[in-house]
Amino acid sequence: MDDAADVLEELARRGGSLAVAESLTGGLVAARVTDVPGASRVFRGSVTAYATVLKRDVLGVDGDLLDARGAVDPEVALGMAGGVRRALGADWGIATTGVAGPAPQDGKPVGTVFVAVVGPGRGAGAVREFHLEGDRTAVRGAAVHAVLGLLRDELFANGGAAYGEHHGEI
């Protein structure tokens, strides 16, 4: 199963669009999405906000949250997903933040990853925490798979309903 192809096909079927915010994955999610032929039908673009200040200034993540918890946090991941969705005018926003290594960050061990998705009619969005094993390349690759899997789960949990049929836009 190809999560990227699956989510792009479903988004195209619904007439939806996607934007990506990345930190630890450094553009790998966007690269994976654009590897799929026809991605331009739904993919709006991406922001690689590797520096914490860009999470605040470009994606609109709350500065007090970043100061208090650091960039490796579930609420930060949700803020990134919602921020890229707004900034790029997409129906769905997904985000990755975490610690790929070689050293811990924000008091979190290597392999700690948060992925998030925010979409129309989905309330506050969804976030998942992972504790991934392996070297830097393995952690980053697994984070790509994790965020696309979360988006796939959220899209199909939506029951195939048209946008706006749930609780309105967030």
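The following dialogue discusses a predicted model of one protein chain and the terms used to describe it.

Tutor: Residues are numbered from 1 along each chain as its sequence is written. In this predicted model, local features need pLDDT of at least 70, side-chain atom pairs count only at pLDDT 80 or more, totals for chains, interfaces and linings use all residues, and side-chain values use heavy atoms, with hydrogens and water left out.

Student: What makes up the secondary structure of the protein chain?

Tutor: The protein chain has 6 helices and 5 strands. Helices (H or I, at least four residues) and strands (E, at least two) are DSSP runs, numbered from the N terminus. Along the sequence, these elements follow the pattern α-β-α-β-α-α-α-β-β-β-α.

Student: Why is the protein chain called as compact as a globular protein of its length?

Tutor: The radius of gyration, taken over C-alpha atoms, is set against the globule rule, which is 2.2 Å times the number of residues to the power 0.38. For 170 residues the rule gives 15 Å, and the radius of gyration of the protein chain is 15 Å, close to that value, so the chain is as compact as a globular protein of that length. Its C-alpha trace spans about 40 × 35 × 25 Å along the principal axes. Of the 170 residues, 49% count as buried.

Student: Why is Val117 called buried?

Tutor: Buried means under 20% relative accessible area, exposed over 50%, and partly exposed in between (1.4 Å probe, protein chains only). Val117 has 2% relative accessibility, and therefore counts as buried. This residue lies in strand β4 (residues 112-118).

Student: Which residues does Val117 touch, not counting residues up to four places away in sequence?

Tutor: Contact means heavy atoms within 4.5 Å. On that basis Val117 touches residues including Leu78, Trp92, Ile94, Leu150 and Glu154. The C-alpha atoms of Val117 and Thr137, 20 residues apart along the chain, are separated by 23 Å.

Student: How do you know that Val47 and Ala30 are buried?

Tutor: Val47 has a relative accessible area of 17%, so this residue is buried. Ala30 has a relative accessible area of 10%, so Ala30 is buried. Val47 lies in strand β2 and touches Val20, Ala21, Glu22, Val58, Leu59 and Val84, not counting residues up to four places away in sequence. Ala30 lies in helix α2 and, leaving aside neighbours within four places in sequence, is in contact with Val20, Glu22, Phe43 and Ser46. The C-alpha atoms of Ala30 and Ala4 are 26 residues apart along the chain and separated by 9.9 Å.

Student: How are helix α1 and helix α6 placed relative to each other?

Tutor: Two packed helices are described by the angle between their axes and the distance between the axes. Axes are lines fitted to C-alpha atoms, for helices over the stretch in contact, and angles run from 0 to 180 degrees between N-to-C directions. The axes of α1 (residues 3-14) and α6 (residues 136-157) come within 9 Å and cross at roughly 35 degrees.

Student: What is the handedness of the crossing in which α1 passes α6?

Tutor: A crossing is left-handed if the near helix is turned anticlockwise from the far one by less than a right angle, and right-handed if clockwise. The crossing of α1 and α6 is left-handed. Residues of α1 including Val7 and Leu11 meet residues of α6 including Leu148 and Leu155.
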